[in-house]
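Dear colleague,

I am passing on the structure we spoke about, and I would be glad if you kept it open while you read the notes that follow it.

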Amino acid sequence: MQLFTVEQADRTLPLVRRIVEDVVRQHRLWQEKVVELDLLSSGAYVEQPAPRTVKMEREILALATEIAGYEAELSALGIQLKDRRIGLIDFPSELDGRRVLLCWRLGEPSVQFWHDENSGYAGRQPLLPTLVG
């Protein structure tokens, strides 16, 4: 597993930002289609699915496949996608000799937070200026 410094994580952000923007956008579309399909399917039981239902199921599967591809791109870079809805990712790192995760969320200008491997987003803490520069 690759361990990132803050500088390395920040250098990957232009590419990562584009991928994560795609993830968030396509995940939103996927959610909308799932809700629409759910509403469409909530009617009376039909033995044969309507063409519209079949088409929508194909669209949902295509979006899910596309999102999985984006996630695989991030994974190949050594980056963990934590939340598709808000574009939250973690970069494996080390701080004071222990494994931590550098935390970045879509919309943030740079990697500015970290958290223990088990604490997640709620436990994220600001990086000290000496770690960033």
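This is a predicted model: local features need pLDDT of at least 70, side-chain atom pairs count only at pLDDT 80 or more; totals for chains, interfaces and linings use all residues.

In what follows, contact means that heavy atoms lie within 4.5 Å of each other.

Helix 2 covers residues 51-76, 26 residues in total, and it reaches 37 Å from its first C-alpha to its last, which is close to the 38 Å expected at 1.5 Å a residue. Its buried residues are Thr-53, Met-56, Ile-60, Leu-63, Ile-67, Tyr-70 and Leu-74, and what covers them includes helix 1 (6-41), strand 1 (80-83) and strand 2 (88-95). After helix 2 comes Gly-78, which has a positive phi, near 90 degrees.

Turning to the strands, strand 2 pairs with strand 3 (residues 98-105) in the antiparallel sense over eight bridges, and the two form a hairpin with two residues between them, where Asp-96 in the turn has a positive phi of about 55 degrees. Strand 3 is also joined to strand 4 (residues 113-116) by four bridges, and this pair likewise runs antiparallel.

Leu-101 belongs to strand 3, where Pro-92 stands opposite it, while its bridge partner in strand 4 is His-115. Because its relative accessible area is 4%, and buried means under 20%, Leu-101 counts as buried. Leaving aside residues up to four places away in sequence, the residues that Leu-101 touches include Gln-80, Lys-82, Phe-91, Phe-113 and Trp-114. Leu-40, by contrast, is 61 residues from Leu-101 along the chain, and their C-alpha atoms are separated by 41 Å.

How values were computed
Residues are numbered from 1 along each chain as its sequence is written. Side-chain values use heavy atoms; hydrogens and water are left out. The expected span of a helix is 1.5 Å times one less than its number of residues. Buried means under 20% relative accessible area, exposed over 50%, partly exposed in between (1.4 Å probe, protein chains only). Two strands pair if DSSP finds at least two bridges between them.
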